[in-house]
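Hello,

Here is the structure I promised to pass on. Please open it first, then read my notes below.

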Amino acid sequence: MFAVETLNLSKRYVPDIEDSWLETEEVSDETIDNASNLFSRASSPYWDWRTEEEGGISAVAESFKEDRPRGARWILARSNKEHVGLVGPIPDYYEPDVAWFRGAFVLPEHRGKRIGSALMSEIARFAKHLGQREMIVYTFSSLDSLAPGALLYLKSGGKIEAEYLQLART
Ligand SMILES: CC(C)(COP(=O)(O)OP(=O)(O)OC[C@H]1O[C@@H](n2cnc3c(N)ncnc32)[C@H](O)[C@@H]1OP(=O)(O)O)[C@@H](O)C(=O)NCCC(=O)NCCS
């Protein structure tokens with residue numbers, strides 16, 4: 001059994017969204033179902049191959065919930081009373097103060113309005129609050145162009161430390 005103090009609601013000005021305010025709060029027992037549902041939908045289309053491998057959208061949503069007991073802390077973002085995005089680390093995963101960054105996820109219909117960028121600012125603040133000095137993320141891009149996730153992380157101050165090549169027959 002463990003007790004964690006969850007981060008309170010905060011508001012961030014994002015001019016491109018409908019009411020210009022993005023509200024964020026840490027995922028709790030009350031919002032875990034919304035968060036897991038959002039995670040599985042916001043992974044599309046880039047992670048459809050993994051969703052298929054894991055057994056579909058419901059299986060992905062379930063595995064999202066299973067991440068919590070192993071220390072995942074997620075921030076859920078809401079715009080105009082609707083949940084629109086998620087971002088989160090597993091603190092101290094690789095070594096003390098070095099987190100596994102699980103990524104930023106925005107629902108397809110809300111992309112391109114700088115919500116992802118706002119989530120990156122929010123996660124930097126949250127990670128510092130949790131005493132993390134570094135976050136490591138594993139993501140993927142095709143050979144000819146970087147995926148939006150990788151571009152977002154680079155734009156938010158991240159750097160590529162290693163690249164791996166995976167070949168798949170289609
Ligand atoms: C990655 C993601 C979170 C971006 O969210 P977003 O709210 O659309 O991002 P923003 O509007 O804040 O864009 C910020 C930057 O990200 C990059 N970006 C976002 N969408 C992009 C796209 N479709 N193509 C190329 N770059 C893109 C750009 O660098 C952009 O900055 P710019 O507009 O000044 O060029 C969103 O596309 C998503 O949820 N993707 C699916 C989930 C995913 O793969 N997450 C990464 C997991 S590791």
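Two strands count as paired here if DSSP finds at least two bridges between them. By that rule, β1 pairs with strand β2 (residues 21-26) in the antiparallel sense, over 4 bridges. Within this pair, S10 stands opposite T24 in β2. Please keep in mind that this is a predicted model.

Now the whole sheet. It is open and has 6 strands. Their order is β1-β2-β3-β4-β5-β6, and the pairing is mixed. Which strands sit at the edges? They are β1 (10-13) and β6 (134-136), and each of them pairs on one side only. From one strand to the next, the twist averages 30°.

Next, a helix on the sheet. Helix α1 covers residues 32-42. It lies across three strands: β3 (75-79), β4 (82-95) and β5 (98-106). Relative to β4, helix α1 runs at about 95°.

Then the ligand. How many residues surround it? The count is 22. The closest are G103, R111, G116, P148 and G149. Elements giving two or more residues to this shell are β5, α4 (115-129) and α5 (148-155). The most comes from α5, which gives 5 residues.

What is the shell made of, by class? It has 11 nonpolar residues, 7 polar ones and 4 charged ones.

Best wishes

Note on methods. Residues are numbered from 1 along each chain as its sequence is written. This is a predicted model: local features need pLDDT of at least 70, side-chain atom pairs count only at pLDDT 80 or more; totals for chains, interfaces and linings use all residues. Axes are lines fitted to C-alpha atoms, for helices over the stretch in contact, and angles run from 0 to 180 degrees between N-to-C directions. Two residues are in contact if their C-beta atoms, placed from the backbone, lie within 7 Å. A residue is near a molecule or strand if its C-beta atom, placed from the backbone, lies within 6 Å of it. Ala, Val, Leu, Ile, Met, Phe, Trp, Tyr, Cys and Pro count as nonpolar, Asp, Glu, Lys and Arg as charged, and the others, Gly among them, as polar.
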